[in-house]
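I set out to record what can be read from this chain, one topic per entry. The notes follow the order in which I looked things up.

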Amino acid sequence: MGSLAVAGSSFSLAGSFSELLINNTKLSGEATRTPTYCEICFWKCAGWVYKDETGKIRKITGNEDDPHCNGRLCPRGTGGVGMYYDDDRLRSPLIRTNVRGKQEFREVSWDEALDYIADKLKKIAAEHGPECTALFTHGSGGKFLGQFLKAYGSNNITAPSFAQCRGPREVAWLATFGDLVYSPERTDIRDTRCLVLIGSHIGENMHNGQVQEMSDAIDKGAVIITVDPRFSTAAGKSKYWLPIKPSTDLALLLTWINLIIRNDWYDREYVEKYTFGFEQLREEVSKYTPEWAYGITTIKPDMIIDSAKAMHDASPAVIIHPGRHVTWYGDDTQRLRAVAILNALLGSWGRRGGFYFPEKASLPEYPHPPFPKPRRTWRDAYPGQYALASEVLSSGICDASIPAVGRNCTFKAWIVNGTNLIETLPNQQKTLEAIQHLDLLVVIDTMPMEITGWADVVLPECTYLERYDAIRDSPHREPYIALRMPAAEPAYNTRPDWWIAKKLAGKMGLGDYFPYDDIEEYLDWQLKQIGSSLDEMKRIGVKKLESEFDGLYLRDGEDITFNTNTGKIELYSTALADEGFDPIPVYTPHEDPPEGFYRLIYGRAPAHTFSRTSNNPNLTDIMDENHLWVNPKVAKLWDLKTGQEVWLENQDGVLSQFSIKVRVTERIRWDSVYMVHGFGHDQVRLRRCFGKGASDTNLITRVHLDPVMGGTGMRGNFVTFHAEKPDGKINIKAGIMNGTQTKEGGADI
Ligand SMILES: Nc1nc2c(c(=O)[nH]1)N[C@H]1C(S)=C(S)[C@@H](COP(=O)(O)OP(=O)(O)OC[C@H]3O[C@@H](n4cnc5c(=O)[nH]c(N)nc54)[C@H](O)[C@@H]3O)O[C@H]1N2
Ligand SMILES: Nc1nc2c(c(=O)[nH]1)N[C@H]1C(S)=C(S)[C@@H](COP(=O)(O)OP(=O)(O)OC[C@H]3O[C@@H](n4cnc5c(=O)[nH]c(N)nc54)[C@H](O)[C@@H]3O)O[C@H]1N2
Ligand code: SF4
Ligand SMILES: [Mo]
């Protein structure tokens with residue numbers, strides 16, 4: 001497949017990008033509005049929840065003072081109302097009555113559920129130590145459960161957004177710049193003159209503020225370069241689309257680095273002043289020529305050269321975007337190191353139109369007794385490994401829950417809040433095996449997702465529209481805070497996370513760690529320390545605080561010490577060298593699909609977030625299943641038509657649990673197939689999305705572990721097609737569940 005330059009960059013982004021963001025409209029006869037911030041993705045846009053005169057929640061709009069959204073929400077944020085109205089919601093605390101996974105529960109009171117958990121946790125602490133309990137949490141409420149876990153004596157608090165998502169980029173950035181990328185990313189897209197997206201599909205991946213800034217940058221003439229085996233929405237807005245052979249990005253990046261050095265396209269003054277290891281880098285990358293890279297990436301040499309020149313022309317207002325979900329092939333930290341090095345050579349770190357220095361509000365902690373010091377952490381299960389991992393590994397805790405000879409710190413209990421681990425961690429068989437070894441699995445969720453089916457105790461949380469949460473203090477160009485408050489009473493017998501954590505702590509004799517009557521007292525105290533109050537925030541929702549730092553960018557010739565071993569931006573990483581890893585990234589090839597198989601790649605759809613929105617009544621109206629993108633050449637070979645259902649089987653003989661409809665399209669390379677993650681639910685209690693589309697997680701059995709930081713590379717699986725469900729083959733997961741759930745309706749709950 002050749003490379004394609006999309007003629008000119010005259011595409012108007014008034015097209016699909018901006019259209020997707022929703023402008024505020026007035027609600028007739030509106031009665032009240034309350035502030036919130038969105039919980040449908042981590043971007044946490046601040047907004048207003050409107051109720052009509054009868055007190056019914058009608059709509060959510062963006063808060064115009066919020067730089068995360070500038071008053072415009074994405075379709076998922078607007079559709080957030082659907083979370084509240086979803087009649088499949090969890091309604092009552094549940095305790096399991098049959099074997100795990102059978103989904104037989106009895107409804108219990110909150111007291112009974114929390115007493116049960118408290119007794120079990122006390123027993124586990126006495127027998128194994130509190131460190132054998134881990135909290136998996138993704139989302140805002142995790143803050144209070146985290147406090148609970150620390151008070152109990154464990155620091156093993158983890159989110160899948162590290163080892164299954166952005167971990168490699170943070171570790172690469174720390175090694176290079178001594179600082180993190182952060183969330184939202186500190187990319188100065190609004191002023192950039194060249195944005196390079198490598199497997200980052202902004203526009204489908206709806207990072208609200210980034211989408212808006214990218215649209216503005218394009219209007220101002222910025223050049224977009226997209227490297228993606230798929231013609232993504234962003235590729236459609238790009239001057240250069242490089243349809244790379246999947247898994248070969250490091251070859252392209254190292255070649256770009258070589259070209260930029262060899263042609264003197266780097267920022268010489270910046271490199272001399274701020275960086276360490278330039279000579280070693282020059283030497284190491286000199287072997288990576290465009291002709292060499294062509295043979296590996298299938299991108300033509302002149303395309304590689306032209307795109308490198310475009311980056312140079314825009315420098316330093318250029319961003320080689322670090323991406324976000326970057327756990328792909330196991331050498332991810334090294335690939336992201338190459339991305340960081342490119343940015344450093346072009347002088348974009350700390351420069352307008354490159355990467356700015358963000359600022360975060362500093363909110364004081366409500367006073368509480370010091371937490372006990374844990375005697376062990378998850379790291380004890382991995383002696384000598386992953387020293388550079390800057391956060392706890394979810395997959396690491398999962399693996400260390402399966403007893404193994406010589407393993408320290410085998411986990412006995414998981415508290416899982418706001419993460420659907422069954423669909424989120426790769427290798428479902430392993431996740432389910434780990435769960436079978438636990439003494440206690442508590443799941444706190446709003447919906448009966450797959451993970452709840454395996455729980456001993458299910459605690460129903462109310463949705464974000466029915467609760468207060470911690471103040472949002474995410475970093476941005478200036479320090480901002482945002483309040484979330486309830487727009488309605490919790491429906492059914494549901495409760496907020498802060499209440500669950502405080503109540504459970506009380507039952508375990510840890511009440512001193514939650515020394516406030518309720519969260520209003522907690523928030524008001526905290527807000528008053530920074531010159532605001534709960535009353536003020538209820539009125540305005542979002543507040544900008546005084547900046548404590550001067551400037552988003554480096555001043556001309558400014559002296560600065562970076563937080564690395566050498567105090568410089570490390571092109572040669574001493575931290576990686578100390579741990580025995582390549583200090584400068586080296587290209588290593590990856591396995592190709594066997595005959596008749598295609599690489600399985602996946603991504604996002606603008607109207608959904610992972611598996612959490614697939615049952616949302618408002619969002620299923622927009623998209624209710626995923627499709628399998630198949631190149632026409634492949635479709636011809638296999639006689640596949642658009643709309644036809646196929647079952648997929650991977651190279652380990654694992655069959656997809658459900659079929660998926662084919663979409664024949666030129667927009668994907670012939671060596672790969674693509675699907676949106678988050679569909680193919682096998683949880684019958686999700687009545688709207690059960691059995692719709694297929695689950696990529698189902699088919700991800702070959703995990704390529706990143707030796708540097710333990711990230712789980714998830715794009716090493718290849719699939720082939722079956723037009724009919726093959727006899728005698730079963731899905732691994734269905735097998736474990738005794739084949740209880742089939743699309744044909746054989747569900748047994
Ligand atoms: N196969 C595959 N695996 C992936 C990915 C992929 O693309 N493909 N992506 C990876 C990435 S980038 C990430 S960040 C992770 C994301 O992983 P997760 O965060 O686990 O993703 P979701 O599937 O959205 O699960 C969120 C869970 O939170 C629940 N929930 C929603 N709102 C609330 C709430 O207010 N309170 C509580 N208590 N629960 C709530 C939802 O019902 C759902 O069960 O997945 C990773 N895993
Ligand atoms: N609408 C929506 N937006 C979201 C989310 C969501 O669930 N829904 N989730 C949020 C989260 S937590 C994250 S982490 C981000 C993830 O969003 P991104 O960081 O953009 O990452 P991916 O999901 O990995 O991107 C998938 C893209 O990578 C391409 N790709 C696959 N293999 C390769 C390869 O080998 N090389 C290259 N160059 N490209 C490849 C795919 O074709 C696809 O276009 O999205 C965030 N935004
Ligand atoms: S980007 Fe969309 S889903 Fe994410 S927080 Fe903002 S409005 Fe919500
Ligand atoms: Mo993510």
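**Entry 1: backbone geometry.** I began with Tyr182, which I located in the loop between helix 6 and strand 9. The model is a predicted one, and in it the phi of Tyr182 is near 75 degrees, a positive value in a residue other than glycine. In the loop between helix 6 (160-177) and strand 9 (194-198) I also placed Pro184. The peptide bond that joins Ser183 and Pro184 is cis, with omega at about -15 degrees. I noted these values because most residues other than glycine have a negative phi, and most peptide bonds are trans.

A cis bond also joins Ser315 and Pro316, and here omega is about 5 degrees. I traced Pro316 to the loop between helix 12 (301-314) and strand 13 (318-320).

Entry 2: In what order do the seven strands of the open sheet lie? I read the order as 6-5-16-15-14-7-8, and the pairing is mixed. At the edges I found strand 6 (105-107) and strand 8 (157-158), each of which pairs on one side only. Helix 4 (residues 110-128) packs on this sheet. I listed the strands that helix 4 touches: strand 5 (94-96), strand 6, strand 7 (133-137), strand 14, strand 15 and strand 16 (457-460). The direction of helix 4 makes about 130 degrees with that of strand 16.

I then examined strand 14 (residues 413-417) and strand 15 (residues 440-445), which run parallel and are joined by five bridges. Within strand 15, Val442 is the residue that Ile415 stands opposite.

Entry 3: I turned next to an open sheet whose three strands come in the order 2-3-4, with antiparallel pairing. Its edge strands are strand 2 (32-37) and strand 4 (57-62), and each pairs on one side only. From one strand to the next, I noted that the twist averages 30 degrees. Strand 3 (residues 46-51) runs antiparallel to strand 4, and five bridges join the two. I found Lys51 opposite Ile57 in strand 4.

**Entry 4: ligand 3.** Which residues are around ligand 3? I listed Cys38, Ile40, Cys41, Trp43, Lys44, Cys45, Leu73, Cys74, Arg76, Gly77, Met206 and Asn208. Sorted by class, this shell around ligand 3 has eight nonpolar, two polar and two charged residues. I also checked the space that ligand 3 takes, and that space is the largest cavity.

**Entry 5: Arg376.** My last entry concerns Arg376, whose place is in the loop between helix 13 (332-345) and helix 14 (394-399). With what is Arg376 in contact, leaving aside its neighbours within four places in sequence? I recorded His128, Gly129, Glu131, Cys132, Asn408 and Cys409. I also looked up the separation of Arg376 from Asn156, which is 220 residues away along the chain. The C-alpha atoms of Arg376 and Asn156 are separated by 9.3 Å.

Methods:
Residues are numbered from 1 along each chain as its sequence is written. Chains are lettered from A and ligands numbered from 1 in the order in which they are written. This is a predicted model: local features need pLDDT of at least 70, side-chain atom pairs count only at pLDDT 80 or more; totals for chains, interfaces and linings use all residues. Side-chain values use heavy atoms; hydrogens and water are left out. Two strands pair if DSSP finds at least two bridges between them. Helices (H or I, at least four residues) and strands (E, at least two) are DSSP runs, numbered from the N terminus. Contact means heavy atoms within 4.5 Å. Axes are lines fitted to C-alpha atoms, for helices over the stretch in contact, and angles run from 0 to 180 degrees between N-to-C directions. A residue is near a molecule or strand if one of its heavy atoms lies within 4 Å of it. On a 1 Å grid over the protein atoms alone, a cavity is a set of points where a 1.4 Å probe fits but cannot get out, and a pocket is an open set with protein on both sides within 12 Å along at least five of seven lines; lining residues have an atom within 4 Å of a point. A molecule sits in a cavity or pocket if more than half of its atoms lie within 2 Å of its grid points. Ala, Val, Leu, Ile, Met, Phe, Trp, Tyr, Cys and Pro count as nonpolar, Asp, Glu, Lys and Arg as charged, and the others, Gly among them, as polar.
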